Amino acid sequence: MPTLPWTTPNPPRPDTTHAYVMASRFEVRSLKDVPRFFLKSLAAWRQVRTAPGALGASLVARPLQRTFLTLSAWEDRDALYAYARAEPHRSIMTGLRSTMRDSTFTFWEAPVEQLPIGWDDARRRLDAAQTPH
């Protein structure tokens with residue numbers, strides 16, 4: 001299971017007490033979609049590493065299960081949304097929609113002292129957020 005470990009693009013500002021955290025799970029429709037999704041996710045990963053307000057991020061790829069998980073922490077919701085609207089992330093989201101079978105998102109706040117967020121906590125929250133099919 002390839003994992004890009006937690007990286008910290010920006011330290012929290014001294015007045016930042018809580019991080020806005022997002023975890024996501026994406027499942028592509030077929031194995032033939034995996035390489036394209038993985039390559040695009042690496043472009044988004046590079047963007048996170050320079051995004052204003054990004055406090056940390058990690059990515060887990062499960063290619064044989066056609067599943068990708070992301071975990072990121074931000075100074076606030078506005079920083080996350082600015083990243084999502086910026087290029088290349090915006091075009092990546094639009095371009096990959098046709099390859100998606102399912103996606104799940106969950107958001108919460110955590111004290112900055114708890115960074116980095118653990119994958120066990122993120123998976124538990126994603127499982128709780130996933131809607132039955």
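A salt bridge here is a side-chain nitrogen of Lys or Arg within 4 Å of a carboxyl oxygen of Asp or Glu. Side chains of opposite charge can pair when their charged atoms come close. By this rule the count comes to 7 salt bridges.

The model is predicted: local features need pLDDT of at least 70, side-chain atom pairs count only at pLDDT 80 or more, and totals for chains, interfaces and linings use all residues. Residues are numbered from 1 along each chain as its sequence is written, and side-chain values use heavy atoms, with hydrogens and water left out.

Helices (H or I, at least four residues) and strands (E, at least two) are DSSP runs, numbered from the N terminus.

| Pair | N to O distance |
|---|---|
| R13 and E75 | 3.2 Å |
| R25 and D127 | 2.7 Å |
| R101 and E27 | 3.1 Å |

**Pairs of strand β2**

R101 and E27 meet through their side chains in a salt bridge, at 3.1 Å from N to O. R101 lies in strand β5 (residues 100–111) and E27 in strand β2, so the pair ties together parts that are 74 residues apart in sequence. Accessibility is given as relative accessible area, where buried means under 20%, exposed over 50%, and partly exposed in between (1.4 Å probe, protein chains only). R101 is partly exposed at 46%, while E27 is buried at 17%.

Strand β2 also holds R25, whose partner D127 is in helix α4 (residues 119–129). This pair links distant parts of the chain, 102 residues apart. R25 counts as buried, with a relative accessibility of 12%.

**The loop between β1 and β2**

R13 forms a salt bridge with E75. The two residues sit 62 residues apart: R13 is in the loop between β1 (3–7) and β2 (18–28), and E75 in the loop between β4 (67–74) and α2 (77–85). R13 is partly exposed, its relative accessible area being 43%, whereas E75 is buried at 17%. R13 and E75 also belong to a network of salt bridges that includes D15.

T16 is placed in the loop between β1 and β2 as well. With a relative accessible area of 9%, T16 is buried. Leaving aside residues up to four places away in sequence, T16 touches E75 and V112; contact means heavy atoms within 4.5 Å.
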